[in-house]
Amino acid sequence: MKPLRLLPLFAIATLLALMMAVALLMARRGAPALGAHIAFALGVMPLILAAMSYFVPVLTRGPGAAVAGWLPPLLALGGGGIAVAAFAIHYSNLAISLAALLAISAAFAVGAWTLTRARRMIGRRHPGMDWYLAALGMLLLALFAVMAMPVFPEQRAQLRVFHLHANLLGFVGLTALGTLQVLLPTCIGKADPDAACRLRADIKWVTGACLMISIGAASLLPTVLAGTAPLIAVAGAVIYLAIVLRVLCAWWTRFRGDLFTSHGAAPSLLAATVGLFCLLILGLLHGWGYLSGRASIVGFVVAFLLPLVSGAMAQLLPVWLRPGVQAAWHAELRYRLCRWGGVRGFALLLTGLGLAIVF
């Protein structure tokens, strides 16, 4: 089984899962946990792990993935399916723990494979690898929080909040920011010589910010420090915002003429990054009680994930469908997929932000 043949299927399945999740989340009587797990456990997590099997060989300048490219994403997909079934039919700690265990196995497998590839490569490894490893670390922490819920039932609510933030801003956010700083210049066809320096310098700050937000929002602190939890979360959000703003400013300085166009994948990826920046601000409003959790997740899916996945698919789908030398077929398909990409991306951004504010 060739991993690149599975990537288009994962990508299409993720788009369908995101749209289904939005429909459930917008239904006032729908279960928000079910919609969130359809989006993230069944859609985004397997796709990210599968995409790593493509990007890691590129970053390490090595051969494509074999078993490591398709087995972990399928394990994660199985875990996501169990989690969704548990929330849809009958919540069971045993089923949720089994789902988390499958996802933990998948994350460990991808992390071990990534480290093995990094050790075997010639020359200094690309800093984007550190972003993937940090993202996988945040995913593991989020999943271990799930495993801890039955053991510490009195802390279930705090562990759930930690799980949510470590997943959204940690696993998904770090993967996206690390990939976009390489992918967006590729979409434009221009180099960004400062990207590697930014990636190398920012990883420690943004990872620390993710931990601060997750721990602070969940109030998982010793009693003596419990009163500082909101301040820690806000400080983490400010640091995270500064990193995203730094990326946006770098793109504005170098690529501004190529970003605000009607067509192409780059405008959609820019819209996703702006969406992440705005949603961090809205997340602060949610923390202060001005925005519901359901509205925040709807905004995250529509304003960030949909332009991110659709823009990345438009750029990468031709390569995934026909690996190898790029020919006229690839250029034609990419042209069709990227048509109205900018309009689509910013329409999703504005729609998602609007839904998050008024929902």
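Modeller: Helices here are DSSP runs of H or I with at least four residues, numbered from the N terminus. Phe346 is found in helix 12, which covers residues 341-358. The structure is a predicted model, in which local features need pLDDT of at least 70 and side-chain atom pairs count only at pLDDT 80 or more, whereas totals for chains, interfaces and linings use all residues. Residues are numbered from 1 along each chain as its sequence is written, and side-chain values use heavy atoms, with hydrogens and water left out.

Biologist: Why is Phe346 called partly exposed?

Modeller: The relative accessible area of Phe346 is 25%. Buried means under 20%, exposed means over 50%, and partly exposed lies in between (1.4 Å probe, protein chains only), so Phe346 takes the middle class. Phe346 is also 6.7 Å from Ser268, C-alpha to C-alpha, although 78 residues separate the two in sequence.

Biologist: What makes the contact of Arg125 and Asp130 a salt bridge?

Modeller: A salt bridge needs a side-chain nitrogen of Lys or Arg within 4 Å of a carboxyl oxygen of Asp or Glu. The N to O distance for Arg125 and Asp130 is 2.6 Å, so the pair meets the rule. Arg125 is partly exposed at 33% relative accessibility, and Asp130 is partly exposed at 25%. By this rule the count comes to 7 salt bridges.

Biologist: Which residues are linked in a network of salt bridges?

Modeller: The network links Asp192, Asp194, Arg198 and Arg254. The closest N and O atoms are 2.9 Å apart for Arg198 and Asp192, and 3.6 Å apart for Asp192 and Arg254. Asp192 lies in the loop between helix 6 and helix 7 (195-218) and Arg254 in helix 8 (residues 229-259), so this pair ties together parts that are 62 residues apart in sequence.

Biologist: Is Asp192 buried or exposed, and how do you know?

Modeller: Asp192 has a relative accessibility of 11% and therefore counts as buried. Arg198 is buried as well, while Arg254, at 38%, counts as partly exposed.

Biologist: How do you know how many cavities there are?

Modeller: A cavity is a set of points, on a 1 Å grid over the protein atoms alone, where a 1.4 Å probe fits but cannot get out. By this rule there is 1 cavity of 30 Å³ or more. About 320 Å³ of space lies in the largest cavity, a volume being the space filled by probe spheres set on points joined across faces, edges and corners.

Biologist: Which residues line the largest cavity?

Modeller: Lining residues have an atom within 4 Å of a point. The largest cavity has 23 of them, and Leu47, Ile48, Ala51, Leu308 and Ala312 lie nearest its centre. Helix 1 (3-26), helix 2 (32-60), helix 6 (156-188) and helix 10 (293-321) each give two or more residues to this lining. Helix 10 gives the most, with 7 residues.

Biologist: What makes up the lining of the largest cavity by class?

Modeller: The lining has 20 nonpolar, 3 polar and no charged residues. Ala, Val, Leu, Ile, Met, Phe, Trp, Tyr, Cys and Pro count as nonpolar, Asp, Glu, Lys and Arg as charged, and the others, Gly among them, as polar.

Conventions: 1 Å grid on protein atoms, 1.4 Å probe; cavity = no way out; pocket = protein on both sides within 12 Å on 5 of 7 lines; lining within 4 Å.
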